[in-house]
Amino acid sequence: MDLFILKKFITVFVMPINLVMFFLILAIALHWKKPKVSYRCLLLATVMLLLATLPPVSDKFMYQLEKNYSAYNKHDEKFDYIVVLGCRHTDNLSLPVTSQLGDCSLERMVEALRIYNLHPEATIITSGYAEDVNKSNAVKVKQALMLLGVPENKIVTEPSGRDTEEEAYYITSLIEGKKAILITNADSMPRAMKYFIAQGVHLRPAPTGYWIKNAAAVTDWKYYLPSGQKLYQTTVAWYESLGLLVQSFKEG
């Protein structure tokens, strides 16, 4: 099996909801033969699900990832490139290309457009490969940027990278020795920056797509109730934390 596919499979299996389902199924399977073990599996699944859906827990977990880099504000220095890392999209020609982008791709594309308006001297590099679709994420984001007024000759696509590590590898050859800004979601920025630094290039971070927009916001009693949306947020934070863990093992 391809190492990339194996990595994706393992990552999906250890996501919070899948671990919860695993222990619930195990609890059912062991109910008659090993009731004590079954009870422990049920208790573990319940605790995991509760923690993953509680807003205070989920927000704290996510904030630890997002607080590392501040949002980008205009600088007087000039930049050669604006690098936009790839994310999700779908191919559906009945929809405008901006609607074909997944939330993360749309957030990164909008941030690229904002920063391009601040630095029109820069060329935008879009990245991301085609997974189960006809056109790569790099091409889709380029099409969306062109639709919103960015000239085609100001956008370069790099569709080879299948994940952040590969994107850093392929993009480095384009930006080496140049000044560049890096755009990705705030939760994945720590991992992305480390991959580029490992390639010997230092970019100005421009995180976007913040989950926690105001960590000091006043909350009411509903904030302490389980939430399906927070389960997804916890899943994203867990995925990025696993990525950082694997990254640290590689560096070690």
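Which strands does helix H9 lie across? Helix H9 (residues 189-198) lies across E4 and E5, and its direction is about 145° to E4. To read that, you need a few terms. Helices (H or I, at least four residues) and strands (E, at least two) are DSSP runs, numbered from the N terminus. Axes are lines fitted to C-alpha atoms, for helices over the stretch in contact, and angles run from 0 to 180 degrees between N-to-C directions. Contact means heavy atoms within 4.5 Å.

## What you are looking at

This is a predicted model, where local features need pLDDT of at least 70 and side-chain atom pairs count only at pLDDT 80 or more, while totals for chains, interfaces and linings use all residues. Residues are numbered from 1 along each chain as its sequence is written, and side-chain values use heavy atoms, with hydrogens and water left out.

## The sheet

Let's start with the strands. Five strands make an open sheet in the order E3-E2-E1-E4-E5, with parallel pairing (two strands pair if DSSP finds at least two bridges between them). E3 and strand E5 (204-208) sit at the edges with a single partner strand each, so one side of each has no neighbour in the sheet. On average, neighbouring strands of this sheet are turned by 20° against each other, direction ignored.

There's another helix to spot here. Helix H6 (residues 103-118) lies across E1, E2, strand E4 (180-185) and E5, at about 150° to E4.

## A closer look at strand E2

Take E2 (residues 123-127): 5 of its 5 residues are buried, and buried means under 20% relative accessible area, exposed over 50%, partly exposed in between (1.4 Å probe, protein chains only). In a regular strand the side chains alternate between the two faces of the sheet. In E2, Thr123, Ile125 and Ser127 are on one side, Ile124 and Thr126 on the other, and both faces are covered.

E2 runs parallel to strand E1 (residues 81-84), and 4 bridges join the two. Isoleucine 82 has isoleucine 124 as its bridge partner, and valine 83 stands opposite isoleucine 125. Another 4 bridges join E2 to strand E3 (residues 155-158), again running parallel, and here isoleucine 125 is partnered by valine 156. To get from E2 to E3, the chain passes through helix H7 (residues 137-147) in a right-handed β-α-β crossover. Right-handed means that, with the strands pointing away from the viewer, the path from the first strand over the helix to the second runs clockwise.

## One disulfide

A disulfide is a covalent bond between the sulfur atoms of two cysteines. With the cut-off used here (a pair of cysteine sulfur atoms within 2.5 Å), the count is 1 disulfide. Cysteine 87 is joined to cysteine 104, S to S 1.8 Å, and the link is left-handed, with -90° about the S-S bond. Cysteine 87 lies in the loop between E1 and helix H5 (97-100) and cysteine 104 in helix H6, so the pair ties together parts that are 17 residues apart in sequence.

How covered are they? Cysteine 87 counts as partly exposed at 23% relative accessibility, while cysteine 104 is buried at 6%.

## Aromatic pairs

Rings of Phe, Tyr and Trp (its six-membered ring) pair if their centres lie within 6.5 Å; planes under 30 degrees apart count as stacked, over 60 as edge-to-face and the rest as tilted. The structure has 6 aromatic pairs. One of them is tyrosine 72 with phenylalanine 79, edge-to-face at 6.4 Å centre to centre and 75° between the planes; both residues are buried.
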